[in-house]
Amino acid sequence: MEKKTIRVLATVGVSLLFALTLYGTAQAQETQVSGTVTSAATGEKLWGVTVRVKGTRTQTVTDQQGKYALEAPSDGVLTYTMIGFRGTEQSVGGRSTIDVAMEQSPTMLQEVVVTGYTSQRRADITGAVSSVNLDNANKQTSASVLQRLDGQVPGVTVEAGGSPASRTTVRIRGISSFQNNDPLYIVDGAPLQDTYLNWLNPDDIESVEVLKDASAASIYGSRASNGVILIQTKRGGGGTGVARRVTLDVRTGVASPVKGYDSFLMLNSLDYAEYTRLEYENAGLPVPTNIYGDPNNPTVPLYTYADPSTITSVDAWGRPATVNDAGYSYPNALIMPGSAGTNWWKAVFSPALQRAANLSVAGGGADNAYLVSFNYLNQEGTAAFTRYQRGGVRVNTAFTLDRVRVGENISVSREYNQGNVDYNNVAEGGILGKNIVSQPVIPIYDIAGNYAGGKATTLGNNNNPLRDAWAAKDNVGTNDRVFGNVFATLDASHGATLTTRFGFNFGQNLGHGYSPINPAVAEPTFNTSIYENEYSFTQWTWSNTLNYVRSMDRHRLTLLLGQEASKNSDRGASAGCASLVAPDLLSSRYIQDALCSSKNVSSSGSASALLSFFGKVDYNFDDRYYLNATVRRDGSSNFALGNQWGTFPAIGAAWRLSRESFLANNSFITNLMLRFGWGKTGNQQIPAGRVVAQFGGDKGATFYDIGGTNTSVQTGYRQIALGNPNMKWEENRTINGGMDLSFLDGRGSFTLDVYQRNTNDLLFDPRLPGTAGTASPAISNVGKMKNTGFDFSIGYQGSLGAGTSWSASFNGGHYKNEIVEIASGQNCFLGPASLRQQDAVINCVGDPIGSFYGLVADGYYNSDAEAAPFASSGAKVGRIRFMDLNGDGQITNADRTVIGSPHPDFSGGLNLGLRHGNWDLSATVFGTFGNQIFNAQKYWYVFGYFATNVRKDLLTDSWTPTHTNAKYPKIDVSDVYSRQFSSYWVENGSYVRLRSLQIGYNLPPALVRWIPAARVYVQAENLFTITGYSGNDPALPPPVVSGAAGDIRDQYRGVDQGTYPSNRTITIGITTTF
Amino acid sequence: MNTRIRNRLLRGTALVVLVAGVAYACKDFLDVPPQGTLNEATLANKAGVEGSLLAAYREMDCNYGSGGDWSCAASNWVWGSVPSDDAHKGSNSGDQQPIYDFETYQWGVGEADAYLNGKWITVYEGVVRANATLNLLDKVRAASPGEISDAHANGIRGEAIFLRAHYHFEAYRMWGSVPYYRATDTDFRKPNEAPSAVLADILVDLDSAIALLPATPRNGDKGRVTSWTAKAYKGRVQAYGGDWPGALTTLREVKATGPFGLQDSFNHVWTGFTAYENGPETILAYQASVNDGEPNGENSNFGERLNFPYSGSHFGCCGFHQPTQNLVNFFAVNDSGLPPVITAADTTAWNAPCGGACSRDTNFVAGDKTWAVDPRLDWTVGRFGVPYKDWPAPDPSWVRDASYSGPYSPKKNAHESASGSESAVGWVPTQTNGVNIHLFRYADMLLILAEAEVEAGVLENARAIVNQIRTRAAAAAQGPGTDAASIGVPLTQAGSVYSLSEPWADYKIGLYTTPWTDPAFARHAVRVERRLELAMEGQRFFDLRRWGAAAQVLNDYVAIEKLRTPMLTGAVSFAARHAWYPIPAIQIDLSRVGTEERLVQNPGW
């Protein structure tokens, strides 16, 4: 009775909506045919396969158990079609049971995709959702799964440096906020907002889906404004009939940087001597002779530096000619030889071994499933003394007890890194910066084998980069992580399923390190120090959902209702101590009174909570017309009472034209669907606690010795941050139109999405005038940003005769980012950080976020007459000529303007595959076009700031009166004018790169008796790059930069401050299953 | 069967509803206070007000949190010393290049802006802290009247208002035309006022402070300002504004009845010995502190930490703020112990360039005593062969690149070895010490008074002050000693001339014995004395500008000094627009309201 009532109500409801299209034409009744449709590859039961009597309009759809039943003529033919699978036909031939196994179509991936608290058939998705082809993605060996997505997903950009364990920046369809633009990651149903996913073993991953538009993502409302990346890990295969499956992957490879500074910096000391001569002579200054002697006949010095007490004679230029080696003493009386040319790049960077092993055991029975996997990864850095290791265990089990299914999925991992491996954000302080700083005449080691340095005058503020790498070798960090969830599902019949899931993410990061003395440099340090850091966090999310699925005739209705609560907290403490009593004694490097002096401790913490309610309804008729609606309501503790709650609705609709009669029998089109979606998502990724004004103090910044004691301070306070109780959710409205086409029996496919994203009420801390003080400005909802663009993918799989098949797919995207509004009255604000006192980045209304900013360079002043009008600003012949944009007769900061953009016009990837017999070959090419790079490294290798090493071709291609069409301005040590930030620093950042190339061979099963199946492969990553960029590597990850209002790295894209270059990696591996 | 399922469904639904309900009903779930900070209410008491006031004092010198690099230094070495004829940026080419841009008057280039902005942010943060103290004080007084006594409340108010005036004066000296902010201001995009209006506002605040402040420091804290501090400061501001009669009245009163006096000996003015610190000469000083538990030495005279001799010295780094040859030559004396520059015959010869009669350039090497020198030279400038306070004598290894900016080292900010006033912690412990930074000292005030006396025509009063200063200068010259008592050695008096011969130098200093009758001579003599007394203290550039002498003196200086330190060939000529520093472009941009930029750039920038 009850059951019947529900069915009737549901039927009536949907019937009313689609009354006009409801009725199919009844056919003559002949035989009852039924059966089960499964996937040929996995044995999985297929839900939603259309079964049709050929030549008629009689059809049905398989249910969740893959079962179907219909009336058909006993001599008729049944066709079975489903998106993502190759269509097939069966003659009835009088049979009453016909079971069919369907083969997956080559260009489509999973049939069922996880799209938010529930699964959907791929074919039913109306939003912009991309599934990652993990077969392709896994042909890259990076430690992070995210880095493997590069070039795989239309509209998704992935950026990372080449250091082991480098962080990854993923952006979906441009940038929508001044603050954090990281997508939301959902790993096995548990949310994560953390760009660092290196702890997750890529080999454990079953599927990756990217929800790109609001109609797909808004079920995650609160945090989905930058898109959602859903990651499902592998599970045991219960019920598939495979009792146990053991998989072992082992691979090993060698990585080396794609390019090094040694390819264009000076390597010969006498070249540098000539550069020095020109630098000074052209400036009208006396040429220093303390290193190279006679400027007109320079020689490599016997000694770059010798302590005065050891010098026994000097040459005509005052250089040490003979020294008393016996007078050498470390660290106070050093003697360093001269070098004919040190290759600092080679001194620091060398090929590095990378190894990984993964073992998994999976299986299960009718009512249980399990998977256990073990993973170990060891990546040496290409930079000396660096290493990254990861070990992890993942366990998941599930048990079915009657209608209840319970299980868990837990991973435990430890990462261990050594030597400050994450060099993404180093600028001049890290070993890359130090590499440029180092002149070739400086030797690596002094005469006693200790690290040398640029101690002598005119050698710059050089730190020996190899020494710096060595000094960091005792800096060790570990990250321990427990991540996972436990769940219970109740199949409540009537198509209703109740799920409760408790996800957790506990972690602890520990670090400790040691800084030794550094005596061999111009600014020596004789202090030793140690540090010890501890940071731990706890995040949990409890979600409860009700799913209801109703399939009736050609109607299908799904309903989702849910509630979720989540809480995050973290605490950290750091401590340091200087002047170690016994610095060389490893066991004494602890922060204890007797072991060192001047302890220094601090600690911090934050906490936040989210509470959410959501619902979604999906309806489709006949797989032809789709309609869905989502609404989510979120409360965030980051806002004040009254502003905590935001509501995020979305709708989606789609029309499968290929189901219409006018296309039903089209021989070309297999599937054609038009999609439309609109929705609203939110963003609250700001630091916790910014509702109220914050006060505090700092012993070094607000405490003061008011008593004049000279050795004590009294407590002082100041306001450290302004609060804003009126902050509310940042809102992002997305409209998306899309088309899915597959053709020629699914061999070809094409997907196109066009979108516009408008962000309103941007959460942002507009900078206040200096007169308001240095407290962090309040975060408020000001500003608007717009992204418009499209992304597409096109693919085809063909065959070249028996046993040979090929596939190609191309995906790409374009977005245009535009700042529509900043705070009232503000048209522009400068980027978050300045480089050596100059600002390279500005954000202006009408321009994209993170635009480059500076003067406009217009060749060189080729004559005194040209320079004369601007002489008071510093113009001289041979210097860069700047445009006087405001026409005031001077070149000043007021002449700066927007001079470039880091955003590409187009980026995309091409995946190619070829399979012949047991052999397979695949390749991925990635390209980005139209983006620019602000080459901040020109500070050093073009302008020689700080007496650094410079580019070789400065000697041949700098401005001279007879070479005015030069690449570089006149060499001149006194020229502070030319190096003002200008369009001279902006370069085309386009590049095309062969990301991966793999050849694999499947060993025939009988070849090795105890291995049932195995595949061996050789692969290469980043084999070649085509680019016009003059720096090291055009693939630039944005540095990790945080402001008072959160992550602001997107205001610092495309600025090359010495990024750790990508690696060329050659790997061999074997995968076996038994 | 149906019932069982329905029950399960009900139970499941109940579970969901229950969970949702519990979470929602628990209103506190989303109530998460900020962690690890204080709020306004926590500080609304006496401790909060006093702490807020201390933070306002603290902003007088740099810390890691302050605006930019070395632009925030209490001593103003970047702004008042390097652009003048006193000092070079120092170190070597490239290091802290924006300071070179200021030295060579290229103030409009891009990288200079960040330095200017650093100073701007520093002074206005000082203003904000002072105003925050006043607002918090009002709040506490209103809410709990008994919490702070009237006397303390007046004292706190007076100190905060004084500091507000001081920070605005710093801004005024840089840019002239700046906005003035009081505790009641909420619009931080106010237009800048004319320089004269800024001075008037500063004087209003100083008068309030004078009325509110006690005559002796509150709580006996040596670092606190008093009504006398404010009065002396008022005289200085009046002098900057050209109100000579006003300055005369104010400063005569301070001299006659105030608590200040000259330190017994010149080497006890800039010192790490606590016994001499905060003596009678201190009017306003940044109270530096070391080994106070702060792990980076930030409470030391942090803005000076580049300004120590280079790696061959104990200090190790970084060789910035090097005295010029021009300054060193200025300390030569004639047979009467007076500066040659005051005699008509020697107005230019005292600094004759090399290639001509440049003997003085090379004579200032230890042991060469061709010229006797004012004893203050060797308390001001580190020279090869002359003991460096009680440290060994510098040699060429103390200088990073003599071809770039000469052989001399700064000395006033260095601590004596015996003082023990050196940090044990931080990046550069040897370069962070407890030597207080004088922002205003009594000799400075006396010399301003002397200027006022000259302008009033009372030349003999001016002469008396100059002789008072010179007599004190004769109290001690650099000696070979290594403890507080013997570092300085007294000069021997013979009539009006004091002298002392040491192995490295002949020291001599004489008094002006002839009555001053010519105002021009008197003005010149006072100004010369001012340079000698206050060299390297960050005053010189502002003095030259105040006197209207900057263009002439600095262009002449560069013309000759560039023959000695060729890097000065990069200097552009000092022109009318250099009257004020450019207002930081970023601040002009941030002052925009609609399309209007509320801050107007100074002329010529």
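Helices (H or I, at least four residues) and strands (E, at least two) are DSSP runs, numbered from the N terminus.

This is a predicted model, in which local features need pLDDT of at least 70 and side-chain atom pairs count only at pLDDT 80 or more, while totals for chains, interfaces and linings use all residues. Residues are numbered from 1 along each chain as its sequence is written, chains are lettered from A and ligands numbered from 1 in the order in which they are written, and side-chain values use heavy atoms, with hydrogens and water left out.

Helix α7(B) covers residues 195-212, and its 18 residues reach 26 Å from the first C-alpha to the last, close to the expected 26 Å. The expected span of a helix is 1.5 Å times one less than its number of residues. The buried residues of α7(B) include B:Val198, B:Leu199, B:Ile202 and B:Leu206, and also B:Asp201 and B:Asp205.

Helix α14(B), residues 442-455, has 14 residues and reaches 20 Å between its end C-alpha atoms, close to the 20 Å expected. Of these 14 residues, 13 are buried, and α14(B) is thus mostly covered. Just after this helix, B:Gly457 takes a positive phi of about 85 degrees.

**Backbone features in the loops**

Most residues other than glycine have a negative phi, and most peptide bonds are trans. B:Asn219, although not a glycine, has a positive phi of about 60 degrees. This residue is found in the loop between α7 and α8 of chain B, and B:Asn219 is partly exposed, with a relative accessible area of 48%. B:Lys389 likewise is not a glycine and has a positive phi, of about 50 degrees. B:Lys389 is found in the loop between β4 (381-382) and α13 (402-405) of chain B, and it counts as buried because its relative accessibility is 3%.

Cis peptide bonds are found in both chains, one joining A:Tyr330 and A:Pro331 with omega about 10 degrees, and one joining B:Cys317 and B:Cys318 with omega about 5 degrees. A:Pro331 is found in the loop between β20 (320-323) and β21 (335-337) of chain A. B:Cys318 is found in the loop between β2 (282-286) and β3 (320-323) of chain B.

**Two buried residues of chain A**

A:Thr948 is found in the loop between α10 (938-941) and α11 (954-957) of chain A. A:Thr948 counts as buried because its relative accessibility is 0%. A polar atom of its side chain lies 3.0 Å from the backbone oxygen of A:Trp940. Leaving aside neighbours within four places in sequence, A:Thr948 is in contact with A:Tyr272, A:Ile436, A:Val437, A:Gln439 and A:Trp940.

A:Gly646 is found in strand β32 (residues 645-656) of chain A and is buried, with a relative accessible area of 8%. Not counting residues up to four places away in sequence, A:Gly646 touches A:Arg632, A:Arg633, A:Asp634 and A:Trp729. The C-alpha atoms of A:Gly646 and A:Gly682 are separated by 7.7 Å, and these residues are 36 residues apart along the chain.

**Cavities**

On a 1 Å grid over the protein atoms alone, a cavity is a set of points where a 1.4 Å probe fits but cannot get out, and lining residues have an atom within 4 Å of a point. Grid points are joined across faces, edges and corners, and a volume is the space filled by probe spheres set on the points. Ala, Val, Leu, Ile, Met, Phe, Trp, Tyr, Cys and Pro count as nonpolar, Asp, Glu, Lys and Arg as charged, and the others, Gly among them, as polar.

| Cavity | Volume | Lining residues | Classes in the lining |
|---|---|---|---|
| Largest cavity | about 730 Å³ | 47 residues | 16 nonpolar, 24 polar and seven charged residues |
| Second largest cavity | about 400 Å³ | 32 residues | 16 nonpolar, ten polar and six charged residues |

Among the residues nearest the centre of the largest cavity are A:Asp150, A:Val158 and A:Ala1035. Strand β11(A) gives the most to the lining of this cavity, with four residues. For the second largest cavity, the largest share of the lining, five residues, comes from helix α4 (residues 269-281) of chain A.

Terms used. Buried means under 20% relative accessible area, exposed over 50%, partly exposed in between (1.4 Å probe, protein chains only). A polar contact is a pair of N or O atoms within 3.5 Å; within protein, one must be able to donate a hydrogen and the other to accept it, and residues adjacent in sequence count only if both atoms are side-chain atoms. Contact means heavy atoms within 4.5 Å. On a 1 Å grid over the protein atoms alone, a cavity is a set of points where a 1.4 Å probe fits but cannot get out, and a pocket is an open set with protein on both sides within 12 Å along at least five of seven lines; lining residues have an atom within 4 Å of a point.
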